[in-house]
Amino acid sequence: MSHPIQSEFDIVFAGGGTTACVVAGRLAAYDPSLRILILEAGQHTLNKPIHVQPYQFPLNQAPTSTTVTFNIGNPSPRLNGRAPIVPCGRCVGGSSCVNFMVYTRPPASDYDDWGVEGWESKNLIPLMKKLETYEVQPDLPTHGYDGPIKVSNGGCRVGICDEFIQVGTTYHKRQYADDTNDLETCNTYSPWRKYIDGTTGRRSDAAHHYVYNQAHNQNLQVWDGKRVKRIIFEDKRAVGVEFTSDPVSCPDADQSLSIVRASKLVIVSAGTFGSPTILERSGIGAKAVLKRCGIEQLVDLPGVGENYRDHNTAFVPYLTADEVVTMDGLWRGESILHGKHESLAQWNSGGKSLIAQNGLDSKIKWRPDDEELKAMDPAFQPHWKEFFQDRPDKAVAIFTALAGPLSSILPPRNYITAGYYTLYPVSVGSVHINMTENGEEGMDFTTGFLDDPSDIVPLDFGYKKTREILRRMASYRGEVAAGHPNFPEGSAAACREASGPVDLNAPDIVYTAEDDKAINQFHRDIVQTTWHSLGTCAMKPEVDQGVVDSRLNVYGVSNLKVADMSISPLNVGANTYSTALLIGERAAMIIAEDLGIDYMDLTTSDDAKRLISSTQDSK
């Protein structure tokens, strides 16, 4: 892509993902005279169907996709020798333009657990409200109603998800709640809202709603296809960045290096994988890591790249009745038979139909009851007692039923997929640069998945419980055996096709020790990322392997901040888009304060204005 030639800006962003778009968009609105540049390795997303039509989200995960980066982890014995692959957004807007669009917020206490001044939940809730327009129900105290990001039920509902709730509130003996994103409620079945505009049916992402909507401001520029290599320093003061054309986005472009200067601030916002590696290439990190790559150390900051965290997930396929509405036809690319043209017409005219669907309409933020705890492996007990037992707002996992398959190799039929993912795994990994045998830069990425023995226990139980729920749903027609554990011959747990569901009061499947072993091995073979990577530039004290302080300043240098999910010091009990947006809103406030910019304007909600006033009064 060609871009205007300009060698200096006030603020330069190294990375153009979710948080970068929020910060840049807010700052541009606060002060349109600010010269702001976003450098993004991926391509523009403006009005592209793969990004704005919700049903197309799985295409971003296809092996040939260039809208995500596939980060390959080190092989792990805990994963039976597998090298796990963790995708992350690679486009303007980052993961907000490629994710599943599910609206999930963590309990407010997660932010209090960070223990960082200014980031307590009482200070963040006004910003959570500021950023959203909650179209589902009016006048709820923890939701916002005039923000840029729209939250709705999507373009239509799929009946499978109603079945999931019906079985959950009867067989599973849990309550129903219309809103489990009120920052405290969990362990109840509920609808799953979406980051989809209820009027237009379009994905509600950070690129379109913070940046592209300010195209009139020529001082806010986005250069796509530009990969930041390192930060330029003068006496430990960040003064610019060095970048090149990205070889994936711009394969035919000149790969020579260029420099753009930043007169006020450099913000590293390249995500959990990109931000620590940019810092390390700039000489900020652990001495041993830098030395093996031949990089002169500028600042000894051993926390860079450490503290990698994610959620662990499994997706398990089931058969469903032929007449049931699922996403199968659209995801297989079938058109006339499955009414794709009609669906597109409905979407274009009023934002409705399956085009404005992600197949996920219901969930439970699950906590085990006493009976379930007894049935789980004792290895989970210490983590339960230490972290969960006396904290009823903390869910162990999310269970859901997806109306369609997440595998492209299954034969054409109708499918349901059981999904379950753990929210607070104990295991921790790392992300660092290294040098390959041929002298090229690579990545030394350890996921840590299942390293702690307690982490696999809720997954093993999640398989059993979601199977019991799905086999009681009216549309259930059996299991897809190839996508389930390899149970021993003659096992009562053997998977097969069925003519219909079992009775609601039927006994649960009885698993033998050999069956349990098969489930455990199954998860070690298939457990994967939930695309919720965070933590590698943690906002903690430097002595605790922190990388940035409470105002996002990188320790040991000046004029350099990090703003993205990499700053999160601990896991959050939800899909991470909500937290990425929140970090962006808080970062925009911090930077405006640092630059002396008045941001008490029309983009600030009444709650946020009260927060700002109280913050300023306390200074």
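**Isoleucine 149.** I began with the contacts of isoleucine 149, where contact means heavy atoms within 4.5 Å, and, leaving aside its neighbours within four places in sequence, I found it touching Leu131, Glu132, Thr133, Tyr195, Ser204, Asp205, Ala206, His209, Tyr210, Tyr577 and Leu581. The model is a predicted one, in which local features need pLDDT of at least 70 and side-chain atom pairs count only at pLDDT 80 or more, while totals for chains, interfaces and linings use all residues. Residues are numbered from 1 along each chain as its sequence is written, and side-chain values use heavy atoms, with hydrogens and water left out.

Isoleucine 149 lies in strand S6 (residues 149-151), strands being DSSP runs of E with at least two residues and helices runs of H or I with at least four, numbered from the N terminus. I noted a relative accessible area of 0% for isoleucine 149, so it is buried; buried means under 20%, exposed over 50%, and partly exposed in between, with a 1.4 Å probe and protein chains only.

**H1 against H15.** I then looked at helix H1 (residues 18-30), which packs on H15 at an angle of about 35° with the axes 8 Å apart; axes are lines fitted to C-alpha atoms, for helices over the stretch in contact, and angles run from 0 to 180 degrees between N-to-C directions. On the H1 side I listed Thr18, Thr19, Val22, Val23, Arg26, Leu27 and Tyr30, and on the H15 side the partners include Tyr577, Leu581, Ile583 and Ala588.

**Threonine 579.** Threonine 579 sits in H15 (residues 577-595) and, at 0% relative accessibility, counts as buried. Not counting residues up to four places away in sequence, I found threonine 579 touching Pro106, Tyr111, Trp114, Met565 and Val572.

**Helix H7.** Is H7 enclosed or open to the outside? I found that 11 of the 11 residues of H7 (residues 271-281) are buried, so this helix is largely enclosed by the rest of the structure. Just after H7, glycine 283 takes a positive phi of about 90°.

**Cysteines.** I searched the whole structure for disulfides, meaning pairs of cysteine sulfur atoms within 2.5 Å, and the search finds 0. Cysteine 156 counts as partly exposed at 25% relative accessibility. For cysteine 250 the closest cysteine sulfur, in cysteine 91, is 14 Å away and again too far for a bond, and cysteine 250 counts as buried at 10% relative accessibility.
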